[in-house]
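These notes are meant for a colleague who is opening this structure for the first time. They go from the chain as a whole to single residues.

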Amino acid sequence: MRLEYFQMIDRIVALDVEARSIRSFCKVPERSTIFEGHFPGYPLLPGVLQIECMAQTAGWLVMARSGFDAMPFLAGVKDAKFRTAVVPGDEIEFEGRVVHEGSGFSVAECKGRRRGKVICETQVLYRIMPFPNPEFRQAILQRAAELDVSVKELSK
Amino acid sequence: MSATFDKVADIIAETCDIPRENIKPESHAINDLEIDSLDFLDIAFAIDKTFGIKLPLEQWTQEVNDGKATTDQYFVLNNLSQQIDKLIAAKGA
């Protein structure tokens with residue numbers, strides 16, 4: 001997890017495009033400038049960044065289902081819950097499941113677990129748009145490869 | 001009023017917090033009810049789920065942008081309800 005770069009996910013540990021499901025692994029860093037403010041002397045991973053972790057996790061699934069032909073942009077979050085404090089060093093597994101694919105949008109349900117116990121959850125709405133330029137798509141494909149997503153098999 | 005319209009109106013009222021009595025068959029979702037594109041995604045999600053269809057929003061938007069259709073054809077609620085009925089019929093065919 002590189003918070004300052006918004007690279008929330010360390011690796012994809014399971015991706016089943018047909019079953020519309022994905023799991024990712026993230027380790028909360030021991031140090032970050034974010035913890036200097038949130039909070040001094042009591043570092044916590046902000047809930048909004050847990051949402052980002054869930055949105056990115058399921059976002060990779062949405063992209064994989066499109067064959068990396070389109071980009072999911074975060075458009076809405078519903079029923080977000082944060083059940084416990086997340087602290088530096090925590091290892092979290094996030095899971096996402098696409099529950100609906102509409103015309104130009106997708107909806108996913110996501111959860112985060114620490115040692116098997118659910119710590120956060122939300123429903124995410126994505127607006128599906130074409131990649132704004134080829135360079136951006138290429139950067140996404142490169143990042144996908146770094147996360148162990150089988151880009152060659154999945155991309156159009 | 002059709003049963004489809006009633007369901008669509010209920011969805012819009014609940015999703016966008018618009019008084020149900022203000023939603024009429026001749027209402028234009030965008031021009032009259034001031035529903036924006038993001039809220040319409042929520043509505044489309046609910047319509048898709050309720051009727052078991054997939055509203056072809058991208059196709060409709062393209063047709064409007066290309067001047068091949070007007071927004072009235074798809075976003076006046078009576079017309080939207082008829083489009084939904086067609087999609088339901090096509091699914092069952």
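1. To begin with how much of the chain is covered, buried residues make up 33% of the 156 residues in chain A. The model is a predicted one, and every value below should be read with that in mind.

2. As for overall dimensions, the C-alpha trace of chain A spans about 50 × 30 × 25 Å along its principal axes. Its radius of gyration is 15 Å, which agrees with the value near 15 Å that a compact globule of 156 residues would have.

3. Chain A contains four helices and six strands, and, read from the N terminus, these elements follow the order β-β-α-α-β-β-β-β-α-α. Among the contacts in chain A with a separation of 6 or more, 67% are between residues 24 or more positions apart.

4. Which residues have the most contacts inside the largest nonpolar core? This core has 55 residues, and the ones with the most contacts inside it are A:C26, A:M54, A:A58, A:W60, A:L61, A:V124 and B:V8. Its largest share, ten residues, is supplied by helix α2 of chain A, which covers residues 47-65. If residues up to four places away in sequence are left out, A:M54 touches A:F94, A:G96, A:C110, A:G112, A:C120, A:T122 and A:V124.

5. The contact between the chains takes ten residues from chain A and eleven residues from chain B. On the side of chain A that touches chain B, the strands β3 (71-82), β5 (105-114) and β6 (117-129) each supply at least two residues, and the residues of that side divide into four nonpolar, five polar and one charged.

6. Helix α3 of chain A, residues 134-146, has 13 residues and reaches 18 Å from its first C-alpha to its last, close to the 18 Å expected at 1.5 Å a residue. This helix is hardly covered, since the count of buried residues among its 13 residues is one. Just after α3 of chain A, A:D148 takes a positive phi of about 70 degrees.

7. Some backbone values deserve a second look, because most residues other than glycine have a negative phi and most peptide bonds are trans. A:R20, which is not a glycine, has a positive phi of about 60 degrees; it is found in the loop between β1 and β2 of chain A and counts as partly exposed, because it has 19 C-beta neighbours inside 10 Å. A:R115, in the loop between β5 and β6 of chain A, likewise has a positive phi, near 50 degrees, but it counts as exposed because it has 9 C-beta neighbours inside 10 Å. A cis peptide bond, with omega of about 0 degrees, joins A:H38 and A:F39, and A:F39 is found in the loop between α1 (33-37) and α2 of chain A.

8. Two further exposed residues show positions separated along the chain but brought within a stated distance in space. A:F6 is placed in the segment before β1 (11-16) of chain A and counts as exposed because it has 10 C-beta neighbours inside 10 Å; its C-alpha lies 8.3 Å from that of A:E52, which is 46 residues away in sequence. A:A19, in the loop between β1 and β2 (21-27) of chain A, counts as exposed because it has 11 C-beta neighbours inside 10 Å, and its C-alpha is separated by 8.8 Å from that of A:V98, 79 residues apart along the chain.

Technical notes:
Residues numbered from 1 in each chain as written. Chains lettered and ligands numbered in written order. Predicted model: local features only at pLDDT ≥ 70, side-chain atom pairs only at ≥ 80, totals over all residues. Buried ≥ 20, exposed ≤ 12 C-beta atoms within 10 Å, placed from the backbone. Core = buried A, V, L, I, M, F, W, Y, C linked by C-beta atoms within 7 Å. Contact = placed C-beta atoms within 7 Å. Nonpolar A, V, L, I, M, F, W, Y, C, P; charged D, E, K, R; others polar. Expected span 1.5 Å × (residues − 1). Rg over C-alpha atoms; globule rule 2.2 N^0.38 Å.
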